[in-house]
Each structure stands twice: as structure tokens, then as C-alpha cells.
Amino acid sequence: MIKKIGIVITWVIIIVSTLWAFFFYEEKELYPGKIVVNFATYGGVAEEKAWNQMINGFEKKYPNIKIKLTLIPLKYQEKILSLLAANIAPDIFVGNIVEMKDKNVFRPIDDFLQNDKDWDTTDLLEGLGQLGYYYGHKYEIVTSIGPLALFYNVKHFKEAGLKTPNEYAAEGKWNFETFLECCKKLVIRDKDGNTLRWAYRIYADYIIYLYITANGGMLEVDKNYGNYTDPKIVDALQKWADLSNVYKVSPPIIAEEQAGVSAAWKEFQRGNVSMMHSGPWMIGRLKGMADPYDVAPPPFEPGGKSIFLNYGSVTGIWSKSKHPYESYLWLKYIASKEGRIIWSRLGFDLPGYKSLWKDKHLWVDTTKVPKHFDVFYELAKNALTPVYSHTPATTIKCSAHFQKIVWERIRKGEPAKKVLEEELPTLLKYNIKK
């Protein structure tokens with residue numbers, strides 16, 4: 001028994017030492033005379049390029065501060081939780097505010113913002129400043145927009161003799177009924193009934209939140225409770241699942257999708273799919289696509305909105321950070337026009353500054369974006385006013401269960417109403433109550 005305890009203690013020491021060495025090797029020797037702010041987030045090579053550009057700009061402005069970047073491409077949540085448990089978390093990192101609010105993991109930034117005479121929100125898109133608040137306190141500065149739009153193959157619509165989704169939208173006729181009629185004319189099958197081209201393909205499981213809001217529903221009742229059995233929510237999930245199960249214009253769920261890997265954008269790029277929903281980050285992926293494509297609003301029902309992807313996570317300051325003010329300066333720089341220009345140039349979220357949308361050449365090659373690129377801006381305004389629309393700030397377990405288990409059951413043909421009623425106790429169990 002004593003031997004086993006000794007082995008456990010030894011492994012704990014090794015793990016903690018490894019984490020410390022990997023993330024926080026003694027910076028004072030490496031950066032003499034500078035305050036080191038440790039910043040951890042998820043991402044890979046493309047994100048690293050953007051972050052390094054931002055860090056260079058920030059350090060020129062604040063030469064006494066060094067930003068130490070740690071990108072975690074895999075098992076991000078597990079690694080952050082390990083660092084928190086070891087009490088060596090980064091000064092700034094991405095985390096789920098719902099799961100961490102009662103543990104005082106993040107430090108509110110209300111006081112910094114109130115005393116910051118240089119922070120100006122007048123140029124921000126109306127409603128954007130409302131984001132970043134949780135339980136009455138501000139934890140992050142949100143200045144980017146990434147609403148979901150409909151990507152469609154222009155050639156396919158023309159060949160099918162259809163108006164484009166943008167033309168239907170201009171006529172006030174772009175709803176699910178019109179969308180479905182387009183799907184029926186866009187799908188192509190051979191004489192034996194084999195599908196040669198699908199009309200629509202689901203991009204990712206989180207798209208269910210778009211289906212709900214586009215249908216005029218709102219999943220979130222408050223920060224702790226999702227209104228999962230609302231008729232508009234049931235109807236939304238049912239009719240989008242029916243595209244595959246009833247109308248056969250969208251492919252059935254496959255193992256690849258169940259594993260969290262989307263086949264939609266590659267099939268869209270190849271011309272094997274006519275439509276899909278995604279965000280502005282997709283534009284960079286679709287460079288070199290043979291067929292012309294464009295973006296349009298999702299098919300809306302009355303009261304329908306696009307959606308911001310917000311899973312209750314924030315990029316926040318660790319409550320135990322020894323450098324909270326310097327960390328705040330870094331958060332502010334990320335949110336600044338300069339920071340948003342760098343990020344948007346590399347094909348990620350779009351800047352939420354009104355002036356930058358008037359000068360798009362500063363952050364995007366306007367000759368290489370879809371004709372109706374401004375649809376993203378209009379969708380963002382629609383989502384933010386009068387009440388912004390976003391995914392509910394639930395726990396990670398609750399979101400995962402809703403997106404995976406609930407949605408997979410519906411996609412496989414089970415009635416949405418039945419599934420939601422049966423899964424409701426589990427969803428509520430995974431939520432956090434006030």
C-alpha cells in the first residue's frame with residue numbers, strides 16, 4: 001500500500017514538473033526587465049501566425065511587457081484543468097465561464113474598463129458591447145463577428161433555372177419552404193436512384209443552434225437553462241433532419257460526422273454539394289474553388305436570426321494572475337482595430353468596427369471574396385439588435401449532449417419531440433442552476 005502511494009506521489013510530481021517546464025519555464029532569465037504575461041489558447045499553425053503578428057504589434061506598443069504564447073491544438077480543456085488544479089494556470093486563457101464562475105477562476109475586468117479613458121466603443125457595431133458579460137460582470141472584450149451564412153454554388157442554381165438565395169431574400173421569399181423547393185431541384189440522381197449531387201449538407205453539429213434561431217426560436221431562457229422543448233425548437237430540428245430522412249436531398253449522418261469531422265466544405269468545394277451553412281472563416285478554405293460561389297442569409301422564418309458561436313467560453317484573466325493590469329492591456333489589444341485587422345487578414349472572424357467595414361481593403365482582398373460578402377455584416381446587425389442571438393452559455397457536458405446525442409438521434413430518424421422530451425432530464429442535469 002505504501003509502495004503504491006509512493007508511486008502515485010512520484011507520478012504527480014513528474015506531471016506537475018512537466019507541466020511547469022512545458023508552459024512556464026522561468027521567464028525572468030529569458031526576458032530580463034520585462035513583465036511576462038502567459039497566454040494560452042487552442043489552435044494550430046494558422047492561428048500561431050496570427051497571434052505572433054499580434055504579439056509583435058503589442059510588444060512594440062508596450063516594450064516592458066512580454067507575451068508568452070502557448071497554443072494547445074489537442075485536449076485543450078483537459079490541459080487547462082490540469083494547470084488550474086496545479087495552481088499554475090496562464091495569466092490569460094480560454095475557458096468555460098459557466099463551469100468556472102462559482103470557482104472564481106476568472107477575474108472580471110469591469111474596473112479596468114471603467115478607468116480606461118482610451119477605450120472607445122462608439123465605433124463598434126451596435127449590440128456588440130453587450131457580449132462578454134456573465135452574471136452581471138464583464139470578463140472579456142468582444143469586437144469580432146462571425147455569424148453563420150448560407151454558402152451556395154452559383155452555377156448549380158443557374159443550371160437548375162432557380163433564382164439565387166439572395167434574389168429570393170430580396171423578394172421576402174427566402175424561408176424554409178422556398179429552400180426546400182430549391183433543394184428538390186438541385187439534387188441530382190442517376191437512372192438507378194443513386195445520388196450524384198446533394199442539394200445541402202450539414203457542416204457541423206453546432207449548426208443546430210442556427211436552425212433554431214433561423215426558425216424564430218431562442219434556446220437560451222437565461223444563463224442556466226435551455227428551453228429545449230419549445231415548439232419552435234422542436235420544429236426546427238425536425239424539419240432540418242427531414243431533409244435527409246424524408247426528402248432525401250441531404251446525405252444521412254456518417255461515421256466521419258459522428259466523430260466530429262465535417263465533410264461538408266470539401267464536398268461543397270468539389271461541387272458535390274450545392275449548399276451548406278458556415279461562417280466567414282470558410283472563405284479562406286474555399287480559395288481555388290472551380291465553380292463560383294456566393295453567400296446569402298440562411299432561410300429565415302418570422303423572427304429568424306443568424307447566430308454567433310458562443311459556447312459560454314471567454315478569453316479571460318486568471319483570478320490569481322500576478323499581472324492582471326498587463327493582462328488586461330493584452331486583452332484590449334486583441335480587441336483593438338489593429339488586432340482585428342491582423343486576425344481578419346488571415347481569414348478568421350470579421351471585425352465588428354463600423355469604420356473598418358467602410359475600409360475593407362485594410363483587412364480583406366475585396367477581389368477575392370464572394371459578391372455578397374456584406375451579408376455577414378447584415379447578419380451580424382440582425383443577430384445583435386434588438387436582442388443578440390448566440391448559443392446558450394451551458395456547461396460543456398450539456399452542449400456536447402445536445403449537439404451529439406440529441407441531434408444524432410433526431411438525424412437518424414427519431415421524432416424530435418420524443419427525443420427532446422426523453423433527453424430533457426439529462427440536459428437539465430448537465431446544466432448549472434442559479
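Me: Where does Lys 248 lie?

Reply: Lys 248 sits in the loop between α11 (231–245) and α12 (255–258). Helices (H or I, at least four residues) and strands (E, at least two) are DSSP runs, numbered from the N terminus. This is a predicted model, in which local features need pLDDT of at least 70 and side-chain atom pairs count only at pLDDT 80 or more, while totals for chains, interfaces and linings use all residues. Residues are numbered from 1 along each chain as its sequence is written, and side-chain values use heavy atoms, with hydrogens and water left out.

Me: Now the strands, please. Which strand does β1 pair with over 8 bridges?

Reply: Two strands pair if DSSP finds at least two bridges between them. β1 (residues 35–42) pairs with strand β2 (residues 65–72) in the parallel sense over 8 bridges, and Val 37 stands opposite Ile 67 in β2. Strand β3 (residues 92–96) runs parallel to β1 too, joined to it by 2 bridges; there, Phe 39 stands opposite Ile 92. As for cover, 6 of the 8 residues of β1 are buried.

Me: How many salt bridges does a search of the whole structure find?

Reply: A salt bridge is a side-chain nitrogen of Lys or Arg within 4 Å of a carboxyl oxygen of Asp or Glu. The search finds 22. One of them joins Glu 159 and Arg 197 (4.0 Å, N to O). That pair links distant parts of the chain, 38 residues apart: Glu 159 is in helix α7 (residues 154–159) and Arg 197 in strand β10 (residues 195–200). Glu 159 is exposed at 55%, whereas Arg 197 is buried at 9%.

Me: What about Lys 239: how many residues apart are Lys 239 and Asp 235?

Reply: They are 4 residues apart in helix α11, about one turn of the helix. Lys 239 is buried at 15%, and Asp 235 is partly exposed at 36%.

Methods
Buried means under 20% relative accessible area, exposed over 50%, partly exposed in between (1.4 Å probe, protein chains only).
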